[in-house]
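Good morning, and thank you for coming.

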Amino acid sequence: VQLQASGGGLVQPGGSLRLSCAVSGSIFIAMGWYRQAPGKQREVVAVISSDARVNYADSVKGRFTISRDNAKNTMYLQMNSLKPEDTAVYYCSGGSRYPTDYWGQGTQVTVSS
């Protein structure tokens, strides 16, 4: 099972990025995006079920959108109105009940002017 995250980079405050997570070797019921900033614990950003039910951290509601394409076995995170406090390594994950069984390698998102 592999999860390959991509799409991170450097963006100015107020900008946008779209992260992708391509999954091979399994089909997950639950998937999610997590992030970890330097010196902080990993935190959940957004989660999505196979039937597209979603939940977001309060800090990203209204700015981030999680989605998945089951035909492509790929998950996305559209991030708009980015803030410096969104800077972190973003990880995608998946599982059969909770999205914490398998993890991707992480992609760096840096929001800075």
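Let us begin with two residues, Asp86 and Arg35, both of which are buried, a term that means under 20% relative accessible area, with exposed being over 50% and partly exposed in between, for a 1.4 Å probe and protein chains only. This is a predicted model, in which local features need pLDDT of at least 70 and side-chain atom pairs count only at pLDDT 80 or more, while totals for chains, interfaces and linings use all residues. Residues are numbered from 1 along each chain as its sequence is written, and side-chain values use heavy atoms, with hydrogens and water left out.

Asp86 and Arg35 form a salt bridge, their closest N and O atoms being 2.9 Å apart; the term requires a side-chain nitrogen of Lys or Arg within 4 Å of a carboxyl oxygen of Asp or Glu. Asp86 lies in the loop between β8 (74-79) and β9 (88-95), and Arg35 in strand β4 (residues 30-36), so the pair ties together parts that are 51 residues apart in sequence. Strands here are DSSP runs of E, at least two residues long, numbered from the N terminus.

Asp86 also meets Arg63 in a salt bridge, at 2.7 Å from N to O. Arg63 is in the loop between β6 (54-56) and β7 (64-69), so this pair ties together parts 23 residues apart in sequence. Arg63 is buried, with a relative accessible area of 10%, and the value for Asp86 is 0%.

Which residue does Arg35 meet at 2.7 Å, N to O? The partner in that salt bridge is Glu43, which is partly exposed at 37% relative accessible area.

To conclude, Arg35, Glu43, Arg63 and Asp86 are linked in a network of salt bridges.

Technical notes. Helices (H or I, at least four residues) and strands (E, at least two) are DSSP runs, numbered from the N terminus.
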